[in-house]
Structures are given as structure tokens and as C-alpha cells.
Amino acid sequence: MQRLLESYLAVPVTAPIRLAKRTSNLFRTRTKTRASGLDTSGLTAVIAVDVAARTADVAGMCTYEDLVAETLRFGLAPLVVPQLKTITLGGAVTGLGIESTSFRNGLPHESVLELDVLTGAGEVLTVSSSENIVLYRAFPNSYGTLGYAVRLRIELEPVKPFVALAHVRFHSLVDLVAAIDGIMATGSLDGVAVDYLDGVVFSADESYLCVGRQTGAPGPVSDYTGQQIYYRSIRHKTHDRLTIYDYLWRWDTDWFWCSEAFGAQHPLLRRFWPARYRRSSFYATLMRIEQRFHLGDRLEKLHGKPPRERVVQDVELLLERCTEFLDWFLETVPIAPIWLCPLRLRADDRWPLYPIRPRQSYVNVGFWSTVPVGRAEGETNGLIERKIGDLHGHKSLYSDSYYSREEFDELYGGDAYRAAKERYDPDSRLLDLYAKAVQRQ
């Protein structure tokens with residue numbers, strides 16, 4: 001932390017501040033900035049694992065990849081492990097995260113017992129449900145505009161060495177959503193406890209729930225880090241087994257299914273694709289290069305096709321509105337597959353910057369691809385935003401957004417945000433959330 005504070009003090013008091021990060025899981029373009037980057041090189045470690053208390057103290061820029069490698073040594077894992085290896089703990093809390101334990105464990109910030117935050121005012125404050133409560137509540141979904149997580153203490157849970165999977169097919173979305181409802185209500189499927197739950201929609205009449213159960217029983221396991229591709233296995237394997245490590249990172253090898261855009265799923269090319277580059281962070285690097293030089297649009301132009309609009313989004317809908325949204329999306333937006341991740345907050349706590357309701361069942365719907373450009377910038381993204389608004393849902397802010405200031409304030413706790421901003425960043429040395437999320441500053 002010393003390096004971070006020293007680099008903060010080196011920035012002129014009138015200048016804005018930001019983090020100097022090697023990786024990012026944000027998918028929105030940003031205007032170039034000359035703001036000095038704070039040195040985060042000393043914030044990447046797992047500080048300690050308390051096996052008896054089932055907690056871990058972790059530096060804010062530690063990746064889940066590094067954290068999981070340490071906690072699994074003790075048969076423990078974070079309550080929610082986001083899908084991509086280079087997501088950091090600080091990033092998952094200030095920017096939200098989700099995974100297949102979210103139907104029972106909620107979101108990553110709910111398992112944070114306390115955290116130390118470097119605020120825009122230059123203070124390092126310990127924040128918890130009983131200390132600096134305003135910042136504790138407003139920090140999730142603030143995207144670094146209220147401060148940066150320096151240290152986090154999080155809860156852990158016991159895990160077994162293997163995960164047994166059932167891939168349950170549905171021929172209608174109504175039946176799929178009804179099955180999700182049943183599992184979320186009982187925590188089980190056909191009388192068997194469910195530990196992990198997500199799903200994939202390939203079309204209106206072909207969708208799957210991926211139902212996982214922890215087990216210590218030895219046996220053969222599948223490997224999706226080589227030639228085999230996890231999401232394709234869902235369609236032809238009704239049952240599967242993975243090590244707990246490979247289960248947690250099952251989506252990372254092919255960035256869900258997005259590696260196909262780079263040819264990494266072609267059998268011949270995949271055979272020669274270095275294993276160290278079969279990971280989401282490398283595909284994200286390729287994507288940023290593509291965006292910088294507009295390679296995709298140039299190729300489309302060579303083939304006489306229009307440029308394409310990037311539609312990379314995660315949205316949350318109440319479970320009872322999920323079928324309506326999926327029907328509309330499949331009829332309106334030419335993107336498939338679609339990822340589904342059921343979600344329920346763990347407790348009655350409220351988080352004002354992302355005000356989903358406690359004690360309610362939600363489904364996160366993720367879709368990541370491109371579509372032909374429309375008549376205006378962000379036409380399809382704007383259409384999706386309006387539909388989400390009509391259904392009283394919410395959209396994550398890691399990608400492109402097109403809301404007006406008034407809409408944004410209503411959806412993302414504008415009054416609570418401003419109160420926290422005035423208290424913890426009175427000189428606005430950190431970016432404003434709207435400026436960052438919508439205006440791409």
C-alpha cells in the first residue's frame with residue numbers, strides 16, 4: 001500500500017487521479033487521459049487465509065485466479081467466483097460480479113466483511129456494515145469513483161474436490177424459467193441439493209440449465225482447457241464431471257464462447273494455439289487491438305457489408321419477467337447463445353447504486369457479440385436499455401451505456417451517490433460515475 005500512497009501524494013492536488021492497471025474487464029471505450037496512474041504493484045497478493053474463521057484478507061488488485069489458487073489449498077473458495085481469471089476482488093466489488101453460486105450466495109460485495117478504501121480525499125478508511133456505513137453501502141457499483149479498495153476481508157466456504165454436472169434441456173423458455181424458480185425455492189432438483197446453477201439459451205426451443213453438485217467421490221473428469229470446448233459439451237453431454245478448479249474457470253478458456261470470433265475454436269487453428277493464450281485476458285487484448293484499428297469494420301467493408309455495433313451487456317430481470325425479455329430479445333436482436341445466471345441477494349441489505357430488491361429472484365442475462373450498425377450510434381444498445389426499463393430491470397455498467405443523466409440517476413441511486421461523493425471525494429479528484437459509465441471519460 002505504501003507505493004499507492006506515495007504515488008497518490010505525487011499527484012498535484014488540482015489533478016485528477018486514476019489507477020494504473022495492467023488488465024481491465026471493462027468493455028467500453030474511454031477518452032484518452034493524461035491523469036497520473038496510481039502505482040498498484042503492491043496490491044496484488046493474498047495477504048492471509050484464516051482457515052478456522054473461513055475468511056481471507058486480500059489486496060484490492062489481487063485476481064480471483066491467484067486467490068482461488070491459494071484458498072483451494074485449504075478446501076475453501078470465495079462465496080462467489082466471477083467467471084474470468086483476471087477479475088480482481090476490488091473490481092468485482094466496486095463494479096459487481098456474478099456466477100453460478102449467486103442463486104444462494106448473492107453478489108461478491110455481500111461477502112465482504114470489511115475493506116480499506118483509499119478515498120478521493122486521500123484518506124484510507126476501514127469500511128464495513130458498522131464503520132463508514134455510507135461508503136460501505138455506496139461502494140458497490142461505484143466503479144472506482146468513490147475510492148479504491150486497498151484490502152478486503154471476505155468470507156470463504158468449504159468446497160469439495162469435484163463438481164458433478166447435469167445439463168438439463170428445455171424445449172420452451174417457460175419451462176426453463178419454471179425450473180429455475182423451483183430450484184431457487186428449494187435449493188434442489190429432484191430432491192438433490194444444487195450447489196451451482198447457470199444456463200445457456202441457444203434458441204427459443206433449445207436451452208439448458210447447468211446444475212452442479214459438489215462431490216468428493218473420485219472418478220474421471222473432463223478437460224476443457226485443450227481441444228474440447230465447454231459450452232459445446234452442454235449440448236451433447238447430459239452429465240459431466242470437472243475438478244473444482246476447472247469448474248470455476250470453465251468459462252475462461254474460451255471467454256464463454258467469444259473466442260470463436262478470433263478463430264480459436266477452429267479445430268486446426270486450436271491445435272496450434274498456445275495453451276497460455278487460451279484465456280479471456282488474451283482475447284480481451286485482441287479485442288482492444290481490433291477496436292483501436294477497426295479491423296472488423298475494415299473486413300466487413302471489404303465484403304461489402306456495413307460496420308457493426310458492439311452489444312456486450314449483462315442485465316438483471318426479475319424472474320417473472322425473464323421469459324418476456326428472452327422472447328423479445330431472440331426476436332429482435334440477432335445474438336445467440338445467451339448466458340443465464342440466477343441471482344438472489346443473501347440478506348435484506350440494500351445497495352443504493354444497484355437497487356435490486358432483497359428476497360426477490362432475478363436472472364442475469366448475458367449477451368456478448370456485434371450486430372449491424374443502425375441509423376444512430378448505439379441503436380441496438382439503446383433499444384435494449386429501453387426494454388430493460390419497461391421490465392423494471394437493471395443493466396451492469398461495465399460496457400457501453402446511453403442513458404440521459406436523469407434516467408441514470410433514477411436507475412443508479414443518484415441521490416445516495418451524490419451524498420457519498422460529497423463526503424468522500426469533496427474535490428472530485430475521482431471521476432463522476434455518469435461521466436465514466438456513459439460519457440466514457
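Is Arg 73 buried or exposed, and what is its relative accessible area?

Analyst: Arg 73 is exposed, at a relative accessible area of 58%. (The cut-offs: buried is under 20%, exposed is over 50%, partly exposed is in between, with a 1.4 Å probe and protein chains only.) Bear in mind that this is a predicted model, where local features need pLDDT of at least 70, side-chain atom pairs need 80 or more, and totals for chains, interfaces and linings use all residues. Numbering starts from 1 along each chain as its sequence is written, and side-chain values use heavy atoms, without hydrogens or water.

What does Arg 73 hold on to? Its salt-bridge partner is Glu 70, and the closest N and O atoms of the two are 2.7 Å apart. (That term needs a side-chain nitrogen of Lys or Arg within 4 Å of a carboxyl oxygen of Asp or Glu.) Glu 70 has a relative accessible area of 25%, so it goes down as partly exposed. In general, oppositely charged side chains can pair when their charged atoms come close.

Across the model, the salt bridge count comes to 27, so let's walk through a few of them. Arg 104 and Glu 157 make one, with 3.0 Å between their closest N and O atoms. Here distant parts of the chain are linked: Arg 104 sits in helix 4 (residues 102-105) and Glu 157 in strand 8 (residues 147-158), 53 residues apart. (Helices, H or I of at least four residues, and strands, E of at least two, are DSSP runs numbered from the N terminus.) Arg 104 comes out at 29% relative accessibility, which means partly exposed, while Glu 157, at 12%, is buried.

Asp 254 and Arg 270 also meet in a salt bridge, 2.8 Å from N to O. Asp 254 belongs to the loop between helix 8 and helix 9 (267-272), and Arg 270 is in helix 9, so this pair links distant parts of the chain as well, 16 residues apart. Asp 254 and Arg 270 are both buried. Then there's a network: Asp 57, Glu 114, Asp 116, Arg 151 and Arg 153 are joined by salt bridges that share partners.

Now for the rings. The whole structure holds 26 aromatic pairs. One of them joins Tyr 196 to Tyr 247, a tilted pair at 4.7 Å centre to centre with 45° between the planes. (Rings of Phe, Tyr and Trp, the last by its six-membered ring, pair with centres within 6.5 Å; planes under 30 degrees apart are stacked, over 60 edge-to-face, the rest tilted.) Because Tyr 196 is in strand 12 (residues 196-203) and Tyr 247 in helix 8 (residues 244-248), the pair ties together parts 51 residues apart in sequence. Both Tyr 196 and Tyr 247 are buried.

Another pair is Tyr 224 with Tyr 230: their ring centres are 5.5 Å apart and their planes at 75°, so the pair is edge-to-face. Tyr 224 is buried at 7% relative accessibility, and Tyr 230 is buried too, at 2%. These two tyrosines belong to one aromatic cluster that also takes in Tyr 231, Trp 251, Phe 256, Trp 257, Trp 339 and Trp 368.
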